[in-house]
Amino acid sequence: MRPSILNPLFSSISVLKGVGPGLEKTLGRFLAPAAEEKAPEARVVDLLFHLPSGFLDRRNRYSIHDLPDKGIVTIEVTIARHRPPPPNNRRIPYRVDCYDATGKISLVYFHNFAFHLKRLLPEGESRFISGQVDWYQGEPQIVHPDHVLSQDEFSRMPLLEPVYPLTQGVSLRVLGKIIRAAQTRLPDLPEWLSREKLEQNAWPSFSGAL
């Protein structure tokens with residue numbers, strides 16, 4: 001018989017904020033243990049044990065002038081102006097010109113809604129941008145930034161971001177957010193290893209490791 005303290009871990013992932021019926025079904029097929037049921041159901045514990053395969057290092061803060069040739073960068077910029085594509089040519093990307101005290105950079109979006117981008121990147125305001133930098137005709141740009149954040153949001157962004165194995169229809173941002181929600185349901189479990197064993201090996205507790 002399962003101890004009642006573990007019950008929150010065996011709840012359906014539908015109890016987590018942001019998990020609707022479509023996402024629940026997709027993650028059920030992806031994460032649920034092999035079973036005979038036609039509609040496998042993922043549980044909170046399945047998310048907690050879906051471990052990262054690596055991480056993205058967002059600690060590298062740059063000014064625009066000092067941006068590298070490639071790699072993940074984090075910069076603070078002021079939004080200058082929006083340059084939407086012509087109405088009759090959707091193949092041209094939507095560009096947002098930004099700057100800091102040392103130079104200029106463009107944020108590039110394909111197939112995005114202008115209304116959403118203008119709310120995300122209001123002209124004249126500052127934003128923290130994190131993503132993969134590349135260069136176009138000698139000018140730096142970031143295509144579809146991973147993060148566009150205000151000062152308050154940036155203070156809560158993990159600078160070492162775990163990378164999880166994914167499935168079709170689930171982005172890293174969505175899965176990471178749901179896994180962090182699952183971690184809040186982790187009960188206060190008693191540690192079954194001795195304190196001496198933990199200290200000897202410099203191991204965290206079970207909850208701390210998750």
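Q: What makes a set of grid points a cavity or a pocket?
A: The grid has 1 Å spacing and covers the protein atoms alone. A cavity is a set of points where a 1.4 Å probe fits but cannot get out. A pocket is an open set with protein on both sides within 12 Å along at least five of seven lines. Lining residues have an atom within 4 Å of a point. Points are joined across faces, edges and corners, and a volume is the space filled by probe spheres set on the points.

Q: How many cavities of 30 Å³ or more does the structure hold?
A: The structure holds one. The largest cavity has a volume of about 40 Å³. Its lining includes Pro-85, Arg-90, Tyr-109 and His-111.

Q: What is the basis of these values?
A: The model is predicted, local features need pLDDT of at least 70, side-chain atom pairs count only at pLDDT 80 or more, and totals for chains, interfaces and linings use all residues. Residues are numbered from 1 along each chain as its sequence is written, and side-chain values use heavy atoms, with hydrogens and water left out.

Q: What classes make up the lining of the largest cavity?
A: Six residues are nonpolar, two polar and one charged. Nonpolar covers Ala, Val, Leu, Ile, Met, Phe, Trp, Tyr, Cys and Pro; charged covers Asp, Glu, Lys and Arg; the others, Gly among them, are polar.

Q: Which residues are closest to the centre of the largest pocket, and what is its volume?
A: The volume is about 640 Å³. Of the 25 lining residues, Asp-146, His-147, Val-148, Leu-149 and Arg-173 are the closest to the centre. By class, the lining has 10 nonpolar, six polar and nine charged residues.

Q: Which element gives the most to the lining of the largest pocket?
A: Helix H5 (172-183) gives the most, with five residues. Helix H3 (114-120), strand S7 (147-149) and strand S8 (160-163) each supply at least two. Helices (H or I, at least four residues) and strands (E, at least two) are DSSP runs, numbered from the N terminus.

Q: Why is the contact between Arg-43 and Asp-46 called a salt bridge?
A: A salt bridge needs a side-chain nitrogen of Lys or Arg within 4 Å of a carboxyl oxygen of Asp or Glu. Arg-43 and Asp-46 meet at 2.9 Å, N to O, so the pair passes. By this rule the count comes to eight salt bridges.

Q: Why is Asp-46 called buried?
A: Buried means under 20% relative accessible area, exposed over 50%, and partly exposed in between (1.4 Å probe, protein chains only). Asp-46 has 11%, so it is buried. Arg-43 has 24%, so it counts as partly exposed.

Q: What links Asp-97 and Arg-83?
A: Their side chains meet in a salt bridge at 3.0 Å, N to O. Asp-97 is in strand S3 and Arg-83 in strand S2, 14 residues apart. Asp-97, at 14%, counts as buried. Arg-83, at 34%, is partly exposed.

Q: Which residues are linked in a network of salt bridges?
A: Arg-58, Asp-146 and Glu-161 are.

Q: What makes Phe-128 and Phe-154 a stacked aromatic pair?
A: Rings of Phe, Tyr and Trp (its six-membered ring) pair if their centres lie within 6.5 Å; planes under 30 degrees apart count as stacked, over 60 as edge-to-face and the rest as tilted. Phe-128 and Phe-154 lie 4.1 Å centre to centre, with 5° between the planes. So the pair is stacked. Phe-128 lies in strand S5 and Phe-154 in helix H4, so the pair ties together parts that are 26 residues apart in sequence. Both are buried.

Q: Why is the pair of Trp-192 and Phe-206 called tilted?
A: The ring centres are 5.2 Å apart and the planes stand at 45°, so the pair is tilted. Trp-192, at 59%, counts as exposed. Phe-206, at 22%, counts as partly exposed. Phe-49, Trp-192 and Phe-206 form one aromatic cluster.

Q: Why is Ala-202 called exposed?
A: Ala-202 has a relative accessible area of 66%, so it is exposed. Ala-202 also has a positive phi of about 55° although it is not a glycine.
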